[in-house]
Amino acid sequence: MQMMEIAAFLGHVGSKTSCGYGVATGGPLAWGLCYNHEMSPMQSYCDEYFKLTYPCTPGAEYYGRGAIPIFWNYNYGAVGEALKVDLLSHPEYIEQNATLAFQAAIWRWMTPIRKYQPSAHDAFVGNWKPTKNDTMENRVPGFGTTMNILYGDGVCGQGDVDTMNNIVSHYMYYLDLLGVGREQAGPHEYLTCAEQVPFNPSSKAASST
């Protein structure tokens, strides 16, 4: 289980930082940890709703950075509080410091987005016990629910879409690479979130796509 969780974590990291493509040497899944920031930000990701708790610093841009990318001022603020680093004033630290980037990603993996919801860690290792409502909405412990927690309806509840399948493929790649084997990944309903109802529908906090 510990090796499987490492593969799961790296599957997310690899898929979100990859510069792989179809005919790349070693295949498209071998190129994780290539990019450390969003390549073509379309906005500065400053949400003024949080201006009292996580105010945007003039000139700062809160686009996606890191091993599991952080987006939006409120997420930089929350991660910064946890790591005791002023990321609201200096969001660029995440792309300048690899240790900080991974600390942020591990914190994100271990920490629920909201109270009464599981962390990706707890959903993956089986610490989380789904409620009746979770079961009705097809949320079960496993890799699929980690995608639901981290990306919400940016990836989940849309059937077998490419964005979801790319993350799953990276997970399988790392299971093989670490010697666990993809045959240990479990059935489709545990592996994907294709039919899951998102925990936080249309929540920017849950989406990094």
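Since the model is predicted, local features need pLDDT of at least 70 and side-chain atom pairs count only at pLDDT 80 or more, while totals for chains, interfaces and linings use all residues. Residues are numbered from 1 along each chain as its sequence is written, and side-chain values use heavy atoms, with hydrogens and water left out.

Let's start with the big picture. The domain assignment gives domain 1 as 1-33 + 113-201 and domain 2 as 36-111; those bounds come from an automatic or database domain assignment. Between the C-alpha centres of domain 1 and domain 2 you have 22 Å.

So how do the two meet? On the domain 1 side, 16 residues are in contact with 11 residues of domain 2, where contact means heavy atoms within 4.5 Å.

How many salt bridges cross the interface of domain 1 and domain 2? The rule finds zero, a salt bridge being a side-chain nitrogen of Lys or Arg within 4 Å of a carboxyl oxygen of Asp or Glu. What the two domains do have is four residue pairs in polar contact, both residues at pLDDT 80 or more. A polar contact is a pair of N or O atoms within 3.5 Å; within protein, one must be able to donate a hydrogen and the other to accept it, and residues adjacent in sequence count only if both atoms are side-chain atoms.

Which helices supply the side of domain 1 that touches domain 2? α1 (2-17), α5 (120-125) and α7 (143-151) each supply at least two residues, and α1 gives the most, with seven residues. Helices (H or I, at least four residues) and strands (E, at least two) are DSSP runs, numbered from the N terminus. Sorted by class, that side of domain 1 has nine nonpolar, five polar and two charged residues. For the classes, Ala, Val, Leu, Ile, Met, Phe, Trp, Tyr, Cys and Pro count as nonpolar, Asp, Glu, Lys and Arg as charged, and the others, Gly among them, as polar.

His 12 is buried, at 0% relative accessibility; buried means under 20% relative accessible area, exposed over 50%, and partly exposed in between (1.4 Å probe, protein chains only). The His 12 side chain makes a polar contact with the side chain of Thr 146, at 2.9 Å. Leaving out residues up to four places away in sequence, His 12 touches a whole list, including Ile 68, Trp 109, Phe 143 and Ile 167.

On to salt bridges. The rule counts four of them. Glu 95 and Arg 65 pair through their side chains at 2.7 Å, N to O. Glu 95 is in helix α3 (residues 93-96) and Arg 65 in the loop between α1 and α2 (73-83), so this pair ties together parts that are 30 residues apart in sequence. Arg 65 is buried at 4% relative accessible area, whereas Glu 95 is partly exposed at 21%.

Next, Arg 139 and Asp 134 form a salt bridge, with their closest N and O atoms 2.8 Å apart. Arg 139 is buried at 4%, and Asp 134 counts as buried too, at 7%.

Last stop, α2. Its buried residues are Asn 73, Tyr 74, Tyr 76, Gly 77, Val 79 and Gly 80, and they pack against α3 and α4 (98-110). After α2 comes Lys 84, with a positive phi near 60 degrees. Is Lys 84 buried or exposed? Exposed, at 75% relative accessibility. Tyr 45 also has a positive phi of about 60 degrees although it is not a glycine, but Tyr 45 counts as buried, at 9%.
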